[in-house]
Amino acid sequence: MVDRVVTGAHYGLRDWLIQRISAMLMALCSVALVVYLLLQPRLDYDVWTGLFSSQVIRALSLMFMISLFYHAWIGVRDVVMDYVKPAGARLVCHVLVILALLFYAIWSVQILWGF
Amino acid sequence: MKFRIYRYNPDVDAAPYMQEYALEAEAGDMMLLDALLLIKQQDDSLSLRRSCREGVCGSDAMNINGRNGLACITPLSSLKQPIELRPLPGLPVIRDLIVDMTQFFKQYHSIKPFLINNDPPPETERLQSPEQRAHLNGLYECILCGCCTTACPSFWWNSDKFVGPAGLLQAYRFIADTRDQATAERLDNLEDPYRLFRCHTVMNCVDVCPKELNPTEAIGKIKDLMTRRMV
């Protein structure tokens with residue numbers, strides 16, 4: 001294996017920044033959802049379907065899910081970089097994680113717009 | 001006073017072991033290093049590094065009751081007995097409490113720890129205003145003892161690729177220096193998922209630094225400068 005030259009690989013900042021921004025988005029959305037649910041006098045099927053029939057809520061939910069998946073990608077990639085050293089095994093792990101997250105993203109769209 | 005000290009002589013021992021020592025002395029206002037030197041009078045095979053005995057040279061860094069620190073400025077009275085001493089974690093042991101710091105200094109050298117200025121030298125010094133000089137406070141005091149870097153889990157996992165808190169604090173020391181002209185190159189050199197971004201703000205470095213410096217804050221300022229440069 002070729003040793004890494006001791007200089008920057010010129011990436012990493014964007015991922016770090018996206019992880020922070022996606023975390024803030026998810027925190028805001030979660031607080032908003034909890035506040036909304038606490039303000040409901042009763043919580044039943046009609047309230048839930050009413051909430052998610054709004055296109056704005058669906059779009060915001062999808063934004064939340066995409067933030068979650070991107071955030072998860074960077075986090076899991078970092079864990080794999082720490083613990084899976086052989087290049088082949090690491091590549092397989094990365095591809096599997098990406099495929100799983102893509103699958104979840106498509107599934108989220110289907111859940112949000114599919115009923 | 002009771003001590004349990006990590007012993008390992010690779011020429012003789014198959015594996016490291018903990019050896020118990022007892023001292024008759026009172027803790028009083030003694031420092032841990034004083035006690036270690038008394039123990040060394042009992043058993044001169046015990047090996048450790050020490051030099052200035054006042055927290056300036058940084059050579060007697062060790063793991064004291066599970067926490068990295070300098071033996072020479074750790075009061076004996078502050079320690080719970082038996083006092084358990086181990087070498088700094090995450091580095092190869094040469095013998096007993098002496099570790100091989102090669103990887104630590106390789107990372108330190110990789111950030112070019114010297115002023116880069118290509119202007120012809122002035123007749124006297126390159127001057128700074130008091131305000132410009134104040135930016136170096138909390139950075140220049142580092143004695144490179146290695147307590148912070150060897151307390152960092154990211155350095156344990158990736159000591160060959162992650163610069164570590166001491167190296168990054170020194171990197172920021174030169175980035176923050178108004179006389180240095182290589183800020184862009186220094187940021188380029190650090191923009192890397194391993195070299196800088198293995199820092200996950202665990203803050204063990206801040207917790208253990210015997211000089212009470214804050215590498216996490218310096219790392220945050222490097223990230224801040226990179227972000228400002230990008231957007």
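In which helix of chain B does Cys205(B) lie? Cys205(B) lies in helix H7 of chain B. This is a predicted model: local features need pLDDT of at least 70, side-chain atom pairs count only at pLDDT 80 or more, and totals for chains, interfaces and linings use all residues. Residues are numbered from 1 along each chain as its sequence is written, while chains are lettered from A and ligands numbered from 1 in the order in which they are written.

**Two residues of chain B**

- Cys205(B) is buried, with 28 other C-beta atoms within 10 Å. A residue is buried if 20 or more other C-beta atoms lie within 10 Å of its own, exposed if 12 or fewer, and partly exposed in between; C-beta atoms are placed from the backbone.
- Cys205(B) touches Cys148(B), Ala151(B), Cys152(B), Pro165(B), Pro215(B) and Thr216(B), not counting residues up to four places away in sequence. Two residues are in contact if their C-beta atoms, placed from the backbone, lie within 7 Å.
- Cys205(B) and Asp188(B) are 17 residues apart in sequence. In space, their C-alpha atoms are 24 Å apart.
- Asn118(B) sits in the loop between helix H2 (102–110) and helix H3 (130–134) of chain B. Helices (H or I, at least four residues) and strands (E, at least two) are DSSP runs, numbered from the N terminus.
- Asn118(B) is exposed, with 6 other C-beta atoms within 10 Å.
- From Asn118(B) to Ala182(B) there are 64 residues in sequence, but 9.3 Å in space, C-alpha to C-alpha.

**Helix H8 of chain B**

- H8 (residues 215–230) of chain B has 16 residues. From first C-alpha to last, H8(B) reaches 23 Å, close to the 22 Å expected at 1.5 Å a residue. The expected span is 1.5 Å times one less than the number of residues.
- The buried residues of H8(B) are Pro215(B), Thr216(B), Ala218(B), Ile219(B), Ile222(B), Lys223(B) and Met226(B). They cover an arc of only 165 degrees around the axis, so they are on the same side of H8(B). The arc is that of the directions from the helix axis to the C-beta atoms.
- On the other side of H8(B), Asp224(B) and Arg228(B) are exposed.
- The buried residues of H8(B) pack against helix H1 (13–39) of chain A. They also pack against helix H5 (164–175), helix H6 (183–190) and helix H7 (204–208) of chain B.

**Chain A**

- Chain A has four helices and zero strands.
- Its C-alpha trace spans about 65 × 25 × 20 Å along the principal axes.
- The radius of gyration of chain A is 19 Å, but a compact globule of 115 residues would have one near 13 Å. This radius is taken over C-alpha atoms, and the globule rule is 2.2 Å times the number of residues to the power 0.38.
- Of the 115 residues of chain A, 7% count as buried.

**Where the chains meet**

- 13 residues of chain A are in contact with 17 residues of chain B.
- The largest share of the side of chain A that touches chain B, three residues, comes from H1(A).

**Domains of chain B**

- The domain assignment gives domain 1 (2–99) and domain 2 (102–230). Such bounds come from an automatic or database domain assignment.
- The C-alpha centres of domain 1 and domain 2 of chain B lie 29 Å apart.
- 14 residues of domain 1 of chain B are in contact with 14 residues of domain 2 of chain B.
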